[in-house]
Amino acid sequence: MNEVSRQVRTSRPSAPHEPERQAAEYAVLAEIGRIISSTLNIDEIYEQFAHQVSLLIPFDRLSISAVDMDAHTVQAVYAVGGDIPGWERGVVHDIVPGGISDILERDRRGILFRTPAEEEEAGHQPARELGGDFQTRIAVPLIAHGVFVGTLNIRSLQPYAYDESQLAQAERIGAQIAGTIANAFAYEKLEAAQHALENAVSELRRSNQELEQFAYVASHDLQEPLRKIASFCNLLESRYADTLDERGGVYLHYIVDGAMRMQALVNDLLLYSRVATRGQEFAPTDTNDMLQEALANLDVAVAECNACVTSDPLPTVNGDAAQLVRLLQNLVGNAIKYRGEAPPEVHVGAVREGDAWVFSVQDNGIGIAPQYAERIFVIFQRLHTREEYGGTGIGLSVCKKIVERHGGRIWVESQEGAGATFRFTLPRMPE
């Protein structure tokens, strides 16, 4: 039993006259106000609060419960004095319809039971039936900013220990402490949510690392058998083409085509898995140079369809040069690939918006229906068959991962048949 409990059991002053009672109450309320403003330690506030209440309303048990009306639960967050089994600190109970918490929330005023018989007549289970010997009980609602957040319960082992004046005092005390207790409840819930979020983030980070490692190992191990399949199929075709009938030639073509597509898929998976794990350190990077390098990698595709690629002066950003080349190469390559009947026209630009650069890659191609604007960035998601347009369905998901690694975001603005503009942001370097 702690110091507060020992004091209230051994010291039961006689009720003072009204002026003295008011003076004592004012002194207690003032001291509670000082306690609230002097510390952020809620347990310390509870202890000192209980001591001050004992000077005004002697008790054998004082408890404070938090109420969550959304979850319809009540939880004991502080208790001092005699025990009631099952109502220890931290235990959560459902709110019983017609029970004390339910009535306090409905009526918004305190309740006084001077004997267990009164409590039984009101339809409630007295504490003695729960394992305690308490006779008198005061229960008052804790209301902060109009919201019912908890209850303050004061009990005595003596019958008729309290009267209406002490019930009124308990209500005033409860009103003073309700805001602080509400803040403590909210802070505890926030801490629990923050802890759960940190655990979830840690678990997600670990899972992502395992998946990236698995993708890398699986893709790397698939390379060698695929190379053998493609190589021996080519040898078979070159040496025995004359002995194969038309159907055999078709079958062989399917095998070679499948192996090559599988190789392309494995290579793209390797690239995707390496964005976060095998990236270079960020450094000041001139995106004009990155665009020229990307266009050099696309020179065959540009020449084949007579594409015209133009650009505005582009900024220097802090980034991974190799990944930025890949980003621009994928976006310009997509603009050329998904072209309409007219020769492709692609324009790359960048404008400054606050602390970021907004890059754009605009084309005159076939466009994208708005309902697919998010789907296209999901890995393996394709809007066309392989017969219409080749590819693995990984290119735009790689772009998204590169942009997010650089602290930006990517999106598309398009209408079907009216071209598309892909935009992405990169943080602006400090001047």
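**Sheet**

What is the order of the strands in the open sheet of six strands? The order is S3-S2-S1-S6-S5-S4, and the pairing is antiparallel; strands are DSSP runs (E, at least two residues), numbered from the N terminus, and two strands pair if DSSP finds at least two bridges between them. Strand S3 (92-94) and strand S4 (111-113) form the edges, each pairing on one side only.

S4 pairs with strand S5 (residues 136-144) in the antiparallel sense over three bridges. Phe113 has Arg137 of S5 as its bridge partner.

**Basis and confidence**

This is a predicted model, in which local features need pLDDT of at least 70, side-chain atom pairs count only at pLDDT 80 or more, and totals for chains, interfaces and linings use all residues. Residues are numbered from 1 along each chain as its sequence is written, and side-chain values use heavy atoms, with hydrogens and water left out.

The chain averages a pLDDT (the predictor's confidence in each residue, from 0 to 100) of 81, and 86% of the residues score at least 70. Over residues 1-16 the pLDDT is below 50. Where pLDDT is low, the predicted coordinates should not be read in detail.

**Helices**

The axes (lines fitted to C-alpha atoms, for helices over the stretch in contact, with angles from 0 to 180 degrees between N-to-C directions) of helix H2 (residues 18-38) and helix H3 (residues 42-56) come within 9 Å and cross at roughly 175°. Helices are DSSP runs of H or I with at least four residues. H2 and H3 are therefore roughly antiparallel to each other (an angle over 145 degrees).

Contact (heavy atoms within 4.5 Å) involves residues including Val28 and Ile32 of H2 and Phe49 and Leu55 of H3.

Terms used
Angles under 35 degrees count as roughly parallel, over 145 as roughly antiparallel, 65 to 115 as roughly perpendicular and the rest as oblique.
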